[in-house]
Amino acid sequence: MGRILAIVSQKGGVGKTTTAVNLGAAFARRGLKTLIVDVDPQGSVRYGSGLKKGHKTYGFADYLNGTRPLRDVILPTSLPWLRVMLVGSVSEDADHTDYTNAIGEGDLLSKMLATAAERCDIVVVDTPPGLGAITRSALASSDRVLVPLQAEPLVLQTTPQIFRANQDVVSKHKKLTFDGILLTMYEAGNTACERTVKYVRANVPANLVFDITIPRSSAVSDAFAAGQPVVVRTPGDPAAQAYVNLATRLAERFAE
Ligand SMILES: Nc1ncnc2c1ncn2[C@@H]1O[C@H](COP(=O)(O)OP(=O)(O)OP(=O)(O)O)[C@@H](O)[C@H]1O
Ligand SMILES: [Mg+2]
């Protein structure tokens with residue numbers, strides 16, 4: 001059985017999708033059969049995961065509403081061991097209520113993730129910001145959770161709150177292991193950023209924060225704009241290397 005790793009955070013724009021696509025690509029590069037699943041109606045995975053040109057745009061929402069079979073919504077990428085399930089047509093809709101309700105009320109998400117875990121080594125789930133119905137359903141079916149936290153001064157006020165909410169969620173799901181907080185978009189030399197990271201490390205137990213930090217790098221957003229994970233497009237970039245190191249760390253843990 002493969003592992004299901006959910007990427008979750010209450011705050012938006014902290015690097016969840018970037019982390020999901022780059023970890024997914026880094027796992028695949030290690031030869032692990034990997035599936036990235038996007039359940040976020042924003043549908044951002046579509047743009048940065050290295051899908052083949054002219055790929056289909058349907059995805060999980062279309063499986064959920066019965067218009068597509070599962071095999072149709074699993075798409076190939078530029079990496080042989082990496083497949084992607086987009087969120088699908090719901091990303092074109094202004095109203096996501098039906099999609100959200102269908103996830104909350106049914107068990108298709110958990111069944112789909114369980115099937116995926118039978119066939120893959122790792123399933124990485126990218127979730128919408130917040131701990132709403134979609135994220136909670138994803139967590140209920142996951143084995144592991146990783147929480148990106150942007151290294152910025154606002155964190156000083158919100159870390160205790162974020163930490164409590166995480167503990168709350170993890171304690172509700174017996175099989176869920178909290179892998180840790182991942183500090184993202186770190187700028188060395190930026191005093192506010194450095195102070196933030198120091199504060200988080202001083203206030204959160206060391207086993208709950210990765211010592212690997214993801215640096216801010218223009219190569220990350222450039223890669224995304226070019227439709228690729230940075231670990232594929234610019235492997236020598238420090239942020240790419242940090243994601244590769246993180247994937248190594250997690251793969252070792254998952255093998256234990
Ligand atoms: N290490 C990094 N260096 C530079 N830019 C980054 C880095 N990580 C993420 N970004 C940029 O920050 C923005 C937000 O990242 P991302 O989309 O991954 O966040 P998110 O948590 O998934 O957002 P949302 O909550 O909207 O889903 C994007 O423009 C992304 O390219
Ligand atoms: Mg996102």
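View 1. The model here is a predicted one, where local features need pLDDT of at least 70 and side-chain atom pairs count only at pLDDT 80 or more, while totals for chains, interfaces and linings use all residues; side-chain values use heavy atoms, with hydrogens and water left out. Residues are numbered from 1 along each chain as its sequence is written, chains are lettered from A, and ligands are numbered from 1, in the order in which they are written. In total, 17 residues surround ligand 1, and the closest are G13, K16, T17, T18 and S217 (to be near, a residue needs a heavy atom within 4 Å of the molecule). Helix α1 provides the largest share of this shell, three residues.

View 2. On its own, ligand 1 has 630 Å² of accessible area, and the protein covers 80% of that (Shrake-Rupley method, 1.4 Å probe; for residues, only the protein chains shown count as cover).

**View 3. Ligand 1 takes up the space of the largest pocket.** To sit there, a molecule needs more than half of its atoms within 2 Å of the grid points. On a 1 Å grid over the protein atoms alone, a pocket is an open set of points with protein on both sides within 12 Å along at least five of seven lines, a cavity is a set where a 1.4 Å probe fits but cannot get out, and lining residues have an atom within 4 Å of a point. The largest pocket holds about 400 Å³ of space (grid points are joined across faces, edges and corners, and the volume is what probe spheres set on them fill). It has 22 lining residues, and G13, V14, G15, T18 and M185 are the closest to its centre. Both α1 and α9 supply at least two residues of the lining (helices are DSSP runs of H or I, at least four residues, strands are runs of E, at least two, numbered from the N terminus).

**View 4. The second largest pocket has a volume of about 210 Å³.** Among its 13 lining residues, K33, I74, R83, R119 and C120 are the closest to the centre. Helix α5 gives the most, four residues. By class, the lining splits into nine nonpolar, one polar and three charged.

**View 5. The largest cavity has a volume of about 60 Å³.** Its lining consists of V8, L131, L139, V145, V147, N166, V169, V170 and F178. Strand β6 (144–150) and helix α7 (155–172) each give two or more of these residues. That lining counts eight nonpolar, one polar and no charged residues.

Key
Ala, Val, Leu, Ile, Met, Phe, Trp, Tyr, Cys and Pro count as nonpolar, Asp, Glu, Lys and Arg as charged, and the others, Gly among them, as polar.
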